[in-house]
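Let's take a walk through a protein chain together. Have the sequence and the 3D view ready, and follow along as we go.

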Amino acid sequence: MLSEGGSFMKGMAMGAIFCLGLSLFGTFSPATEHGPGEHHHHHVKAPSKDELTRLSDSHVLELVNQVRVSCIIMVQPKILVYWATALDTWSKHCDKAVFYTSESSKALEAVDLNEEDDWARLRKALKHAYENAGDLRWFFVAKATTFAIIENLKHLVLTKDPEEPFYLGNAMKSGELEYVAYESGIVLSYEALKRLVNVLEDEEKCPERGHALWTMSEDKQLAVCLKYTGVFAENGEDSHGKGLFNSKSVDSLITDSMRDNPTNVVEGCCSDLAVTFNGMSPNQMQVMMFGVYRLRPYGHDFHDLLVFQPPEGSDND
């Protein structure tokens, strides 16, 4: 009887621990250091043409000159071809692009974090970017497999204040936890990154190594840590409400649209001002560069209200 009772109590204890773990994962709601009243944006929309026309030319020019993006690009030697492609294509349009690697490579230049664990490596990269931010106030975090159109990102955050805690991209949900999908790229304002770097020092709130029975992906770990500081995931959208951060390639999105919107494939596919795509081969990324930055119908002028000049000294397209 004593043995049976011991087994019963052991089973009860294990069951309680398991239920507690599920509760923490599914309904995680840490106490925040900043009140919910500070959170005013859930869907972050790019300014519409009408909004921009209401601004003075001098104000628009001031905003254009102020919005500068630091790109934090995570790479590994085993995906060297993607690393080289990102270096040769879209990263040239960042005002500052730094590649962070798990180990050094003689082929390409990067900050060697000497760290195999994905989450620990991302933490180190974000802290390094913050400490070396200079006057940059917007931070774009991406994998080398992501393709980004930085000018469209600048348009999205043009009228947003980086001294507010913005954490945006393709917002997803896992249980009660909202997070921004890593594959689609993550955007952090200076204030959000500052709060994150501060909470990274607190091992109880934001441990460097997970102690759970399961391993959370880096994007979910990031969301948990940011949530402690009152920073929540936002969905980046154009002025019509279309998502700007895509986890799929253009051809996959078009294929989906042909199935779901056969009478209006292009309109149903993706936003004209999309910021990211994912899942393309290096060759497809080179084709995207040609389509985005070089191909143009002769004599056709889009009359854009904004002109983002390439970074000084850049050899971008």
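Predicted model: local features only at pLDDT ≥ 70, side-chain atom pairs only at ≥ 80, totals over all residues.

Residues are numbered from 1 along each chain as its sequence is written, and side-chain values use heavy atoms, with hydrogens and water left out.

Let's start with the big picture. The chain has eleven helices and twelve strands; helices (H or I, at least four residues) and strands (E, at least two) are DSSP runs, numbered from the N terminus. Of its 317 residues, 46% count as buried. Buried means under 20% relative accessible area, with exposed being over 50% and partly exposed in between (1.4 Å probe, protein chains only). Take the contacts (heavy atoms within 4.5 Å) between residues at least 6 apart in sequence: 78% of them join residues at least 24 apart.

Now for the inside. A nonpolar core is a set of buried Ala, Val, Leu, Ile, Met, Phe, Trp, Tyr and Cys residues joined through side-chain atoms within 4.5 Å. The largest one has 47 residues, and Trp90, Phe140, Leu153, Leu156 and Phe245 touch the most other members. Several elements each supply at least two residues of this core, including β2 (69-75), β5 (138-143) and α11 (282-294). Another core, of 37 residues, lies apart from it, and Val98, Leu113, Tyr182 and Ala223 are among its members.

Have a look at β5 next. Five of its six residues are buried, so this strand is mostly covered. Two strands pair if DSSP finds at least two bridges between them. With β2, β5 pairs in the parallel sense over six bridges, and here Cys71 stands opposite Phe140. With β10 (residues 186-189), β5 pairs in the antiparallel sense over four bridges, and there Phe139 stands opposite Leu188.

On to helix α7 (residues 190-199), which packs with helix α8 (residues 218-228) at an angle of about 95°, their axes 9 Å apart. Axes are lines fitted to C-alpha atoms, for helices over the stretch in contact, and angles run from 0 to 180 degrees between N-to-C directions. The two helices are therefore roughly perpendicular to each other; that label covers 65 to 115 degrees, while under 35 is roughly parallel, over 145 roughly antiparallel and the rest oblique. On the α7 side, Ala192, Leu196 and Val199 make the contact, and on the α8 side it is Leu222, Cys225, Leu226 and Tyr228.

How much of α7 is hidden away? Eight of its ten residues are buried, so α7 is largely enclosed by the rest of the structure. Those buried residues pack against α5 (118-131), β5, β10 and α8.

Finally, zoom in on two residues. Asn170 sits in the loop between β7 (167-169) and β8 (171-174), and counts as buried because its relative accessibility is 16%. Not counting residues up to four places away in sequence, Asn170 touches several others, including Tyr179, Asn235 and Phe245. Cys269 belongs to helix α10 (residues 265-269), and this cysteine counts as buried at 16% relative accessibility. Between Cys269 and Ile254 there are 5.4 Å in space, C-alpha to C-alpha, though they are 15 residues apart in sequence.
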